[in-house]
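Biologist: Please take a close look at one part for someone who has not seen this structure before. After that, tell me about the surroundings.

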Amino acid sequence: MIAENKIEIWSLEELCYYLYENAYRITEDFFSQELAEYLREELDLGTVADKLMALKKNEADFLEYILAVCQVANYYGQEELLRLVQGLQAFAVLSRPERLKQLADSRIKEHLYAQAVREYEAILALKYKEGYDRSFEGKIYHNMGIAYAKMLLYREAEECFKHAQELLEEPEIRKNLLLLYYLAGNTRQYEDTAALFSEEERQELLEEWEAVRKTAKVENGRNEAVIEKWKQEYRAEMS
Amino acid sequence: MQEKNWSVGVDIGVRVTQISYMTDGMKEPETLEELFPTGEDEGFLKECLLAIPGLENLSEIKSIQLVLPELTLEKAEKAGQACLDMGIPREAVHVQGVAEASIYFALSQEKSLWNNDVVFFDFSREGMIYRNLHIEKYGNTTAVILTEKKLSGIDYENPSDEEFLRLSREYMDRRLISAVYLIGEGFYKEEWATESLRFLCSRRRVFKGLNLYTKGAAYAAYDRIHMNAYEQFLFVCENRLWASVGIRILYKEQARLLYLAKAGMNWYEARALIEAIPDEVTELSFVVQTLNGRETEEKLSLEAFPARGRRMTRLEISLVFVSEEHGIVTVRDLGFGSFIPAEDISVQKDIWIDKGQ
């Protein structure tokens, strides 16, 4: 058993899964002597342990470590591993802010919205040090708005979307603002924003949101409980 | 003093139990002269085993083969538990029936005694049983086929030499037989089988004995921890599986059949336990392949298991047999480590082996 980010890993398949899902975050430091000993003693994978140590000695790229484990585990198919390799290779040539943005975006997919917000804020703090354009900044604000909206923090989400709108000419941002006002029940703002869309566009959006609303199962009387639950989780994340 | 490795064969008869044993340096098993009354509970076994000269501690028994007159799940588990209670390690304990003991004995003799068919006549108060051992090669496989038949017409109290001669001719005339074994107390009562013996001994070697099964079991026990010479043979007889059971899997993206039990294995000992991760499948496929080439497929639905992310479920799949014809597959949810906790869900499927197929 190895503990990493409070996750216990008990088998080669779980290790493989963890590496694949977190490939963009881990570094060569993860592949330590302790990991090699665990593979050797607990999983009876002496050959894999030896291979990892040989890679370490040769200061190999961390991608090689991941493949060394995944190819033995037989958990992912060749196509999936190829996609991973291609993804990581593309990731490696990105600028630091772009890489950080991709990592933050993945937090949203993992439903770690508060963490995503923290990471977007960190990217914004790098603006003068790393330097990026208005378009990129706009995308950061937009995605941060998404994260806030997922936490039902509509006011914060609205601020982010408005920032994004100033920096980035994207129709998607206006749609998200409209949805935000719809969810928040802010009728006046909704109507003002809706006026910017054609009748046909408004109808299409309403149908789309209705389908999403049904699957989200937000019912009358539960909204308050849901909101309170998410706020508590947010506060716990921030503390 | 260096610990010895003991191999023991125990023939638990209906009335009496016999012990044979082998240890380091011995080429053949020795049989204890004493016959032990077969007890109601397995405590009597301890007394039998402690009678082995030189055996100081039952934990020195590295391999023990118990021959049961009728191999049932209940009897096998009782006998096995008795051995465990005596301190004999679980991996050292094996059970078998009389048919298997006969085969082990026959194959342990010099090859000239089983070049052709081998015949056994077992004559006891329960009657006379005829067994025939026939060896057949199929490619790389050597099948050892033992058939048996209960013979009527031979009365234990008043056996008829004439009738026995008639039966012997019926089963053995114009056949190549390497050896004949006459087993059981029925052949030790006054010399009644004069003409039939004369016939049997004509161009065949005939042996009479009371300890064939216990010796056969001792040979088997010894072989398990030494040469594993018997593994090359496919046993086709009572208590041995008539079919192999496998599960269809993907290994390195290639479809394979993973065998959980192989034909020729002792049914009680043919158990398997594996873990597998289903990859976008809704059912498991089990394949039953009989020795005469028939193949059937049994499906086990996974609908009882919760829907999770792809490859985020580990299943424990076990196969045990409760008889020669009836196996039970059990599939249990193991979750996926600390990513997904296991839920208390399991499903079962009966696997039937029809010897008539």
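Biologist: Is A157(A) buried or exposed, and what is its relative accessibility?

Modeller: A157(A) counts as buried, because its relative accessibility is 0%. Here buried means under 20% relative accessible area, exposed means over 50%, and partly exposed lies in between, with a 1.4 Å probe and protein chains only. This is a predicted model, in which local features need pLDDT of at least 70 and side-chain atom pairs count only at pLDDT 80 or more, while totals for chains, interfaces and linings use all residues. Residues are numbered from 1 along each chain as its sequence is written, chains are lettered from A and ligands numbered from 1 in the order in which they are written, and side-chain values use heavy atoms, with hydrogens and water left out.

A157(A) belongs to helix 10 of chain A, residues 154–167. Helices (H or I, at least four residues) and strands (E, at least two) are DSSP runs numbered from the N terminus. Beyond its neighbours within four places in sequence, A157(A) is in contact with G145(A), Y148(A), A149(A) and L180(A); contact means heavy atoms within 4.5 Å. S198(A) is 41 residues from A157(A) in sequence, and their C-alpha atoms are 24 Å apart in space.

Another residue of chain A, H142(A), sits in helix 9, residues 134–150. H142(A) also counts as buried, at 14% relative accessibility. With residues up to four places away in sequence left out, H142(A) touches F161(A), A164(A), I173(A) and N176(A). The side chain of H142(A) makes a polar contact of 2.9 Å with the side chain of N143(A). A polar contact is a pair of N or O atoms within 3.5 Å; within protein, one must be able to donate a hydrogen and the other to accept it, and residues adjacent in sequence count only if both atoms are side-chain atoms.

Next comes the place where the chains meet. Chain A gives 13 residues to the contact, and chain B gives 13 residues. About 1,100 Å² is buried between them, with 54% of that from carbon and sulfur atoms; buried area is the accessible area (1.4 Å probe) that two parts lose on being put together, summed over both. On the chain B side, R311(B), S338(B) and F339(B) lose the most area to chain A, together 44% of what that side buries.

Four salt bridges are counted between chain B and chain A, a salt bridge being a side-chain nitrogen of Lys or Arg within 4 Å of a carboxyl oxygen of Asp or Glu. R311(B) forms a salt bridge with E80(A), with 2.4 Å between the closest N and O atoms. On the side of chain B that touches chain A, strand 13 (243–251) and strand 20 (335–338) each supply at least two residues. Strand 20 gives the largest share of that side, three residues. That side divides into six nonpolar, two polar and five charged residues; Ala, Val, Leu, Ile, Met, Phe, Trp, Tyr, Cys and Pro count as nonpolar, Asp, Glu, Lys and Arg as charged, and the others, Gly among them, as polar.

Chain B itself has six helices and 21 strands. Its C-alpha trace spans about 75 × 55 × 35 Å along its principal axes. Of its 357 residues, 51% count as buried.

H94(B), in strand 6 of chain B (residues 93–96), is buried with a relative accessible area of 14%. The side chains of H94(B) and E269(B) are joined by a polar contact of 3.0 Å. A polar atom of the H94(B) side chain lies 3.4 Å from the backbone oxygen of E91(B).

Over all chains, the structure holds 30 aromatic pairs. In one of them, Y130(B) and Y171(B) are stacked, 4.4 Å centre to centre with 25° between the planes. Y130(B) lies in strand 8 (residues 127–138) and Y171(B) in helix 4 (residues 161–172) of chain B, so the pair ties together parts 41 residues apart in sequence. Rings of Phe, Tyr and Trp (its six-membered ring) pair if their centres lie within 6.5 Å; planes under 30 degrees apart count as stacked, over 60 as edge-to-face and the rest as tilted. Y130(B) is buried, with a relative accessible area of 6%, and Y171(B) counts as buried at 15% relative accessibility. Ring pairs link Y130(B) and Y171(B) into a cluster with F121(B), F123(B), Y156(B), F164(B), F187(B) and W192(B).
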